[in-house]
Amino acid sequence: MLADQESNKIKLTVVIIGKNEEQFIAKSIQSALAGGAQLDGLEVIFVDSASTDRSVEIATQFPIRILQLRPDWPLCVAAGRYTGFLHSRGEYILFLDGDAEIEEEWLLRAVGFMDDNPQYGAIAGVLDEEYVTPQGEHVGGVQNVFGQDTSKEIVQCKSLGGIAMYRRQAMEQAGTVNPHLPTGEDDELCMRIRNRGYKLARIPGR
């Protein structure tokens, strides 16, 4: 029985949320699967907010779980992340947007950091934004959106933005994402986690 329990352990759950992300969802899922391939236990959950395009159809091509929110529900980013967390099993939960990609190197570094630093409730990395037209044309972007000091190994933070990795234990103690907040849900969650005595940080990588 103990061996079975050990084999069912999940180190990381990647919760990807999206609505009408058919242009980007495949790359988002692929980045999560590639980064987690070297981890001892990974699950990827795509929470779709009632898309009317091919998002779900594309997502079914990958070995992941797909949860679909009903169109008559009050849909928002927080609702997607809340639902994903409820169905997750990972020791750590990475929230990722359906139009975003995560680098394999950062994902492995982040899990190692969380393993070695139990005082941290959540971490994030450098966020770059790239603007792409529906035709796939790159028309600009912003590097290092949060102005992270990349010369430092650890940058202490009060909040992390929407794309971040959380410790399940911290979320269980502080409470998960508030699904009723139409905006600012990540700031509110980070505040509660800090109030429980955990630290937050940004580490190098994307």
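**A cavity, a surface patch and salt bridges**

Helix α7 (residues 185-195) contributes 3 residues to the lining of the largest cavity, the most of any element. Helices here are DSSP runs of H or I with at least four residues, strands are runs of E with at least two, and both are numbered from the N terminus. The model is predicted, so local features need pLDDT of at least 70 and side-chain atom pairs count only at pLDDT 80 or more, while totals for chains, interfaces and linings use all residues. Residues are numbered from 1 along each chain as its sequence is written, and side-chain values use heavy atoms, with hydrogens and water left out.

A cavity is a set of points on a 1 Å grid over the protein atoms alone where a 1.4 Å probe fits but cannot get out; lining residues have an atom within 4 Å of a point. Points are joined across faces, edges and corners, and the volume is the space filled by probe spheres set on them. The count comes to 1 cavity of 30 Å³ or more, and the largest cavity holds about 50 Å³ of space. Its lining consists of R81, F95, G161, G162, Y166, V177, E185, D186 and L189. Of these residues, 4 are nonpolar, 2 polar and 3 charged. In this scheme Ala, Val, Leu, Ile, Met, Phe, Trp, Tyr, Cys and Pro are nonpolar, Asp, Glu, Lys and Arg are charged, and the others, Gly among them, are polar.

V139 lies in strand β7 (residues 138-142) and is partly exposed at 48%; buried means under 20% relative accessible area, exposed over 50%, and partly exposed in between.

The structure also holds 10 salt bridges, each a side-chain nitrogen of Lys or Arg within 4 Å of a carboxyl oxygen of Asp or Glu. E105 pairs with R109 at 2.9 Å. These two residues are 4 apart in helix α5 (residues 104-116), so about one helical turn separates them. R168 and E172 form a salt bridge at 3.9 Å, and they too are 4 residues apart, in helix α6 (residues 168-174). R168 is buried at 14% relative accessibility, whereas E172 is exposed at 54%. Finally, K11, E91 and D115 are linked in a network of salt bridges.

Note on methods: 1 Å grid on protein atoms, 1.4 Å probe; cavity = no way out; pocket = protein on both sides within 12 Å on 5 of 7 lines; lining within 4 Å. Buried < 20%, exposed > 50% of the residue type's maximum accessible area, 1.4 Å probe, protein only.
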